Amino acid sequence: MPDVQSHPLPSAAPTPRRRRRRGWHGLLYTLPALALVVVFFLIPLGMTVWMSLHNWPLLGNARWIGLANYTRLWNDASFWNALLFTAQYTIVSTIGLLGLALALALMVQHQGRATGLYRTVWFLPVVTGFASASLLWAWLSNVDAGLFSPLAQRIGLTEGRFNLLADFDTAFWSVTVMVVWKMAGFYMIILMSGLQAIPGDYQEAARIDGASALQRFLWITVPLIRQPFALALIMCVAGSMLAFDQFYIILNGGPRNQTVTAVYKIFNESFVSFRLGYGAALSVILLLILMVLSIIQLRLLRDRGES
Amino acid sequence: MKMIRGAIALTALLALTLPAAGTRAETFSLWVRSGANDYIRELIASFEADSEHRVDLQVVPVDEMVQKYAIASVGGSAPDALSLDLIYTPAFARAGQLRDLTDFAHSLAWFDQLSPAHLSVGTFDGRLYGLPFSADASLLIWNKELFKRAGLDPENAPQSWTEIIADARAVGALGPETYGFYFAGNCGGCNIFTLAPMIWAAGGEILSADGQQAMLDSPQVREAIDFYRTMVMDGLVPAGARTDSGANFFGAFANGNIGIAPLGSFAISILNQQYPDLDYGVAFLPGQEAGQWSSFAGGDNIVISRSTSEEKLPAIKAFIRHTYSLAGQKILARRIGIPVRADLAQQALEGLDPRYALSTEAMQNGRTPYSTVFNDLINSRNGPWTTTLNRAFFADSEAEVEAALAAGQAEMQAIIDAAR
Amino acid sequence: MQTSTRQGGVTAPTARGGRIRGHRVLFHITAVLVTLIFLAPIFWVVMASFRPAAVSLQPPLPPWPSDGVGVTFDNYSRLGDYGASVLHYTANSAFVAVGTALLTIVVSLLAGYGFSRYRFPFRSVVFVLILATIMIPFQSILTPLFLLLAKMGLQNTLTGLVFIYATLQLPFSVFMMKNAFDSVPKEIEEAARIDGMKGVRMLARVMMPLVTPGIVTVGLFAFLNAWNEFLAALVLLTDQSKFTLPVLMTAVRYGRYGSVDWGAVQAGVTIMMIPCLILFLILQRSYIRGLTAGAVK
């Protein structure tokens, strides 16, 4: 992406000052964006914190209860289970996604008519949306009318129909496979753009020096794609931590509530049991966890880059 | 902000201009849950045929009715009237979302003929907030064709849990694609409707009469679980049952390869209309011993939102009166098999499938649990009743069943206590 | 993706030619297999959606209509049984998606221009503020959003959804548009100014045509995300007549009589997927540009 690459970074733009006009004029242009962000983001964000300090039923009056929601949350095993499950899902899906995405990116990093086609097809599931992909998977994983179980039975893998969604392990893997299928193309493109930014002569020079393919991958490719990899990692972790659609649509949080994610738990508290205040407190905790995670990832990847 | 204000102004403008059809004729919105609701369309058609009022029908996904109604109430977009699962009347009455219908109800000449189950859950703090709209009783249904092929008497329903297991075994032995029994194993609503009556018939309870005590920890509940679990372990129940959150509650039996399924009166009319080739019988849901039986007295109450404007009340009341007329009750009888007005029942059921009479009897002797947190306890997909049963039905060991029941009992009681 | 660092087979010494060719065959076999696996679910659901209703409870082996039954549109017409016709819900989805795309384009175009060409008090504060919202998941502020919309009379309206979706698009879109304006040489503007252009007219007449690729990218992302969004629509829409396709489809899945209707689900999934796939295939370059813009930075 040379045309994009050459752009200066937004805030560090060394534009000559005299060409820019001063005064409040510019603010006028950014006002609509600012207004949207304030009304639909900052105010709700503040309200979340405010609500988390209340007993706030959907119907009826809110009552100030200080930190009681947070002390209750501390002892709420179902919330910590949900967080634990979300973490487990995040780790597994991130490894699966980025691993496959890197392999795919290595396959299609070079130009060519065929590789262009592969790239396009592998990317297709990305644009379908989580709700449609989840509905599609709910059908494919269904024991009676779906594809996986009957197919396994027909080719003799299982004796009789095996209900994939009945046990935690198989249900979890079924959903993870769906997510990998749906999102691998996305991270493939991000990693590929990093691979393509590596100057070709680096590899050539190393080859002439007698470096094997593995050595070249480890010592040239890996260090140079750290930045896009960091981006992919952060997006992947954040996305997985917020998973909801697939577990709601395919599994209803089952079997036996074992796949209720953090967002699902918040949804249940807020919009099924109507404990808005408690839901808000859970949101605040989730938000803090996500911010800490992002900061840690940025730190880790940046520090290593500098040393 | 201009845009937002503009949008508000626009919506306000639309709201002002749309219902300008006339002053006397009103259009009111009516929500119903998704599922067997053809009778409502027919009822509305017959109402509109001789009334200047109009009904704007909105179908809400059955699992999301409670959420949607509560959210809409807060958001100011509540429907004018609802055909609400009768079980939720106390919860919404308690939250102050419903209009007091006591005076209107007593003005009806046939008030004392209305379904008592509906009226009992329609009452909160001595006032009446919901009136019977449609009824649904739970029944046992069996496939006569499969009974015949299995060498059983197709005219003889199983009379007890042991007989159900024995008959299911005989049908299950017919082949790998044929199953003795079906139940939706991950559906709280389905199981309170079908399993709970069998527990009641055996003398057990799920909740105390006032809804303040969870009562899962009883021998009857244990034995009922054991009854289902035995059939699961024997392979008499299709694998899909374990993850069925109600989507296939009825569909599995209609497919024709299930011997016995506890369903409801709703199934009779759908089977008659859509699966005319399926030969089936209906019976009461039995208890442990022959001769015991019970039923869940379910269905919908019609309720009016508190926010509904006065101008619309005459239209809604006219619609309710129309429902209680002979014409209305005949539609109910034909479509779902149970009229809700006792004095017209015989007339309305005349000439219809004799199996309907059984539904009406089940309804009259059925029970309806009373709780203001029914959704959180029973119907919620992630609630304790649903998860406890799923865990227990498909448990690998007795110990697992015990653990599930103990956890479920504690969780249910905690929810009840927290709501007090 | 114009990088053309040609490696591998082309520059390889002739002695290694045979091995390289072997590698290439192996590569293509693997790639084709992966391609088939990635395509299979989409192919399966589209095919199965044309099967007659009677077999929709049978496993899709094979997925296409068989046993002498031709292609039927039963599944699609049955979607219409759910209240209004399926066109109505498609129109709801389209309204939300197009509305979001338009609002996002207008707002981010203005903001991008402002940030790129003007210097004003609190400029960097405002910029960072807008970008920082990407760090906060909107799922965590859904409840107050709902209460806020209810206060504004926008709960249970498609317009309300448009505002929320557009706000979610802003960090990415403003960033994209600012970059697009940054890459337009200042000389063009100077020349136009001498001709007497300024302000919004300058933006509309002179600058907009120069940043069209950016506009397409921003609009495409906004459209797809709005078309596919589920959680906010599930919570905020209460009237069946307002449902967008994803919300409708989860409801349709539960069928009408406690019997699951997989045929209708297949038809619905197809309707939801096809516009996205077509848009992507047409505007692939714009889409990839949007993705990689962030990655290379």
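In chain A, A:Gly210 is found in the loop that joins helix H9 (200-208) to helix H10 (213-224); helices are DSSP runs of H or I with at least four residues, numbered from the N terminus. The model is predicted, local features need pLDDT of at least 70, side-chain atom pairs count only at pLDDT 80 or more, and totals for chains, interfaces and linings use all residues. Residues are numbered from 1 along each chain as its sequence is written, and chains are lettered from A in the order in which they are written.

A:Gly210 is classed as exposed because it has 7 C-beta neighbours inside 10 Å; the class requires 12 or fewer other C-beta atoms within 10 Å, with C-beta atoms placed from the backbone. Between A:Gly210 and A:Val37, the separation is 173 residues in sequence and 55 Å in space, C-alpha to C-alpha.

The contact between chains A and C involves 87 residues from chain A and 92 residues from chain C, where two residues are in contact if their C-beta atoms, placed from the backbone, lie within 7 Å. On the side of chain A that touches chain C, helix H2 (residues 25-51) of chain A provides the largest share, 18 residues.

Chain C is divided into domain 1 (17-55 + 64-75) and domain 2 (79-296), with bounds from an automatic or database domain assignment. The centres of these two domains of chain C, taken over C-alpha atoms, are 32 Å apart. Nine residues of domain 1 of chain C contact seven residues of domain 2 of chain C. On the domain 1 side of this contact, H1(C) supplies the largest share, four residues.

Terms used. Helix = DSSP H or I, 4+ residues; strand = E, 2+ residues; numbered from the N terminus. Buried ≥ 20, exposed ≤ 12 C-beta atoms within 10 Å, placed from the backbone.
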